[in-house]
Amino acid sequence: MTTPDHSVAIIGAGPGGICAAVLLKKKGIDDFVILDRADDFGGSWRDNHYPGLGVDVPGFTYQYSFARNPEWTRLFPKGGEVFEYHRSVARTFDLYDKARWGVNIEREVWDHDAGLWRLTAADGSEITARYVISAIGAYIRAKEDPGIPGYLDFAGKILRPNSWDHDYNLTGKRVAIIGTGASSVQITPSIAPQVDALEVFQRTPVWALPKPDFPMPAPARRVVGAPGIGPLLSGIANVVVEAALRLVYQTPRPLFRALAPRFDDVARRLYSVYLSVVVADPSTRKRLMPGYGPLGKRPTLSNSFLQAFNRPNVTLVDEAIEKIVPEGIITRDGALRRFDAIVLATGYHLFSDPESYVEGTVVGRDGFDLGKFYNEERLQAYQSVSVPKLPNRWMLVGPYSWIGTGWHELVEISSTHATNIIAEARRRGEEIAEVREQAHRDYHSMIRRNDENIDYYFNTVNRGLRTYYVNSVGDMPYIRPTSLFEARRDSRTPDLNAYQFHAPAVADVAGQNHTDTEISA
């Protein structure tokens with residue numbers, strides 16, 4: 001048997017990579033490496049540090065179950081505090097010694113004869129590992145090209161949420177923000193008091209709901225940190241999520257189809273009342289009103305985004321952008337709007353987009369190409385983590401994985417599944433584990449059945465809406481249409497019969513159907 005450089009390679013040092021590493025350690029597996037293209041833990045919280053950055057869920061739901069933090073200074077923590085939380089978890093579990101920074105993995109190829117993965121970095125170096133855990137996250141990379149002609153011609157300053165230049169002084173500047181997603185909702189009110197003029201370019205209005213945020217004084221932090229209180233709060237939140245998920249995917253189809261449009265209509269009426277309270281100008285208020293349901297796009301929480309449009313120096317622009325020129329932005333009506341700086345808050349390439357999986361970057365058994373498979377057969381994965389013909393490889397944020405909770409719950413579920421299978425393979429001495437094609441097909445069929453109400457909501461009730469919940473082929477692989485508690489249970493006690501285990505020495509036989517070493521768990 002060929003000895004790899006490492007037993008396990010974790011690609012990515014964000015929340016998922018940290019979680020997988022800790023769970024490996026808890027199982028007594030210490031021969032692993034964490035590979036990341038940057039220079040520290042934290043993932044998106046390391047890369048993003050724009051003004052106003054913060055989480056949009058309460059802190060007690062945005063943490064690991066094995067590293068609860070009673071010291072959040074706000075109910076909805078700010079970005080810097082979240083970044084430091086992840087770094088502190090990495091320090092607590094001695095993960096810095098396991099990390100290799102500045103390693104950008106560009107290709108993963110399964111070596112059938114050696115029974116290991118060969119990982120090729122951008123500098124041409126190779127790292128081998130028996131097992132690979134892909135922890136690159138949900139927001140794979142920011143969109144370099146905003147899809148607007150001429151953005152490279154702008155003579156002023158370009159600012160991006162994922163690479164904010166804090167040395168650039170916005171005081172007295174004329175600034176444009178393109179986009180009204182989560183980043184823009186936080187950036188807009190944060191810089192509005194500083195700039196001379198701020199114009200927010202909107203393609204689709206966003207639902208910006210009130211945010212029940214407040215500082216957490218020391219007495220409140222002591223209560224949250226009391227034994228059992230943190231798990232209790234998380235448990236209550238999970239029960240709410242569980243009820244909502246079951247309501248969506250278990251409601252009888254005819255009933256759901258009757259109620260979904262009514263739900264959206266009532267929600268819009270209520271939101272219209274809310275807008276009338278917080279936005280003074282009737283014209284601006286009308287243009288901020290979404291024409292779709294509250295679940296059609298990612299809802300945002302803010303007590304200051306909508307209110308920012310009451311400021312005399314903030315303007316909402318819903319005229320389509322024609323192009324960007326050196327002086328600023330030309331809209332479709334022919335008007336030139338001059339700016340000193342433009343903020344491109346235009347989104348990310350996501351894990352749920354088939355285009356994010358490039359042909360030739362992940363190649364498994366018998367030449368199986370993940371990018372080709374996903375772009376031809378659509379996104380799918382057993383328990384959202386594993387794919388047939390990709391032995392010993394798991395994704396922590398895979399197709400149909402977001403379960404409605406904070407991301408830490410999601411990556412704990414997927415990491416638990418992956419580390420349990422790795423531990424079982426090592427226990428058996430049959431170190432190759434691959435999900436069976438039949439198990440994969442049965443699981444995906446169940447997902448598609450459960451997905452029918454969600455599909456109806458997005459593709460019928462809110463047809464034509466541009467939303468990252470719906471990818472380019474009309475699927476919704478962002479959302480996992482199953483029970484949260486069932487997903488957690490399935491990860492803690494995975495169905496071992498869904499996998500084929502064998503040793504590298506019998507790979508030639510196993511590569512066909514693995515019948516010689518099928519398990520009898």
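Reply: A cavity is a set of points, on a 1 Å grid over the protein atoms alone, where a 1.4 Å probe fits but cannot get out, and its lining residues have an atom within 4 Å of a point. The model is predicted, so local features need pLDDT of at least 70 and side-chain atom pairs count only at pLDDT 80 or more, while totals for chains, interfaces and linings use all residues. Residues are numbered from 1 along each chain as its sequence is written, and side-chain values use heavy atoms, with hydrogens and water left out.

The structure holds four cavities of 30 Å³ or more, and the largest cavity contains about 80 Å³ of space, where a volume is the space filled by probe spheres set on the points, joined across faces, edges and corners. Its lining consists of Gly-59, Phe-60, Gln-63, Asn-69, Pro-70, Glu-71, Trp-72, Arg-74 and Leu-75, together with Met-216 and Val-224.

A pocket, by contrast, is an open set of points with protein on both sides within 12 Å along at least five of seven lines. The second largest pocket has a volume of about 200 Å³ and is lined by 13 residues, of which Lys-78, Lys-211, Ser-302, Asn-303 and Ser-304 lie nearest its centre. The largest share of this lining, four residues, comes from α4; helices (H or I, at least four residues) and strands (E, at least two) are DSSP runs, numbered from the N terminus.

Five strands, in the order β8-β17-β9-β10-β13, form an open sheet with parallel pairing, and at its edges stand β8 (157–159) and β13 (314–317), each of which pairs on one side only. Within this sheet, β9 (residues 174–178) and β10 (residues 197–201) pair in the parallel sense over five bridges, with Val-175 standing opposite Leu-198 in β10.

A three-stranded open sheet, in the order β14-β15-β16, has antiparallel pairing. Its edges are β14 (321–325) and β16 (336–338), each with a single partner strand, so one side of each is left without a neighbour in the sheet. Four bridges join β14 to the antiparallel strand β15 (residues 328–331), and Lys-323 stands opposite Ile-330 in β15.

The loop between β10 and β11 (208–209) contains Val-206, which is buried (under 20% relative accessible area with a 1.4 Å probe, protein chains only; exposed is over 50%, partly exposed in between). For Val-206 the relative accessible area is 6%, and among the residues it touches, not counting those up to four places away in sequence, are Thr-180, Val-185, Tyr-271, Leu-288 and Phe-305, where contact means heavy atoms within 4.5 Å. Ala-20, on the other hand, lies 34 Å from Val-206, C-alpha to C-alpha, and 186 residues from it in sequence.

Burial can also be followed in the helices. Ser-414, placed in helix α11 (residues 407–428), is buried with a relative accessible area of 5%, and Ser-414 touches Val-385, Met-395 and Leu-396, when residues up to four places away in sequence are not counted. In helix α13 (residues 452–461), Asn-453, Ile-454, Tyr-456, Tyr-457 and Phe-458 are buried, and what covers these residues of α13 includes α6 (229–250), α7 (253–278) and α12 (437–450).

Definitions and conventions:
Pairing = 2+ DSSP bridges.
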